[in-house]
Amino acid sequence: GVKAMSDTHTIQVPTPIAFGQFEKTGQGFALFEYLEFCGGGSQYELGVQLAKMHRFTSDKGFGFHIDNTIGATPQPNSWKSNWADFWDEHRLGHMLRLTGDAGMSKDKVEKLRQKTRELLSHNPLPSIIHGDLWGGNKGFCKKEGKVIPVIFDPATYYGDREADVAMTYLFGGFSSDFYDGYNAEWPLPEGHEKRRTVYNLYHILNHEVLFGGGYLRQAQGMIDQILRY
């Protein structure tokens with residue numbers, strides 16, 4: 001995933017140097033370049049560069065050439081030509097299976113999946129996206145005498161670019177300058193505010209899988225909001 005983002009030459013990521021498997025333990029490893037992280041930096045530039053990365057698309061549709069993980073949770077990425085199909089099967093449907101349908105009745109699950117498909121009928125391009133873009137996976141580093149944006153620790157696939165922007169709202173850490181920069185480079189289309197809730201439900205359900213606690217109640221509130229749209 002990092003290599004796919006690096007290959008766009010639009011935004012700094014830790015460039016992968018080597019990867020492999022330890023013979024004795026079978027554990028995998030990956031080695032990345034050293035980056036000197038620092039404070040400061042322009043969130044406007046971060047937004048511009050993310051939008052430029054999103055302009056790189058796949059001719060295979062939505063998905064990725066391998067499955068990966070979102071946190072520690074397996075994330076399926078087999079290719080689909082239709083975005084609503086991809087999200088329904090590999091994102092929403094996947095998390096509903098892992099959370100026991102988030103405590104919903106079969107009727108409510110069906111209504112949620114149908115409403116989600118309706119909201120995702122906007123025909124987005126299959127952009128390369130980070131996939132897990134919360135505030136802890138972005139920063140700034142010093143390189144060649146400049147302070148530049150950097151993103152890391154992705155759950156990369158080709159999908160709707162709005163999914164990346166949506167997650168930036170979830171846990172904070174992104175200023176208004178970031179959104180100004182993004183929209184200056186590639187404005188978000190109409191309806192993105194409602195789709196934001198759809199995309200962020202995936203991450204809240206995943207937090208329920210990973211951590212439990214109050215995330216299920218938060219997810220149920222988001223589901224009710226989606227059904228009201």
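Tutor: Begin with helix H2 (residues 43–54), which lies across S7 and S8 and runs at about 50° to S8; the axes are lines fitted to C-alpha atoms, for helices over the stretch in contact (heavy atoms within 4.5 Å), with angles from 0 to 180 degrees between N-to-C directions. Helices (H or I, at least four residues) and strands (E, at least two) are DSSP runs, numbered from the N terminus. This is a predicted model, in which local features need pLDDT of at least 70 and side-chain atom pairs count only at pLDDT 80 or more, while totals for chains, interfaces and linings use all residues. Residues are numbered from 1 along each chain as its sequence is written, and side-chain values use heavy atoms, with hydrogens and water left out.

Student: In what order do the three strands of the open sheet stand?

Tutor: Strands of a sheet pair through backbone hydrogen bonds, either parallel or antiparallel. Here the order is S3-S7-S8, with antiparallel pairing, where a pair needs at least two DSSP bridges. Strand S3 (36–38) and strand S8 (146–151) each have a single partner strand, so one side of each lacks a neighbour in the sheet. Three bridges join S3 to strand S7 (residues 138–143), and glutamate 36 stands opposite lysine 142 in S7.

Student: Which residues of H4 are buried?

Tutor: An α-helix has 3.6 residues a turn, so residues three or four places apart point the same way. In H4, Val109, Leu112, Lys115, Thr116 and Leu119 are buried (under 20% relative accessible area, 1.4 Å probe, protein chains only). Seen down the axis of H4, these buried residues fall within an arc of 135°, so they line one face of the helix; the arc is that of the directions from the helix axis to the C-beta atoms.

Methods
Buried means under 20% relative accessible area, exposed over 50%, partly exposed in between (1.4 Å probe, protein chains only).
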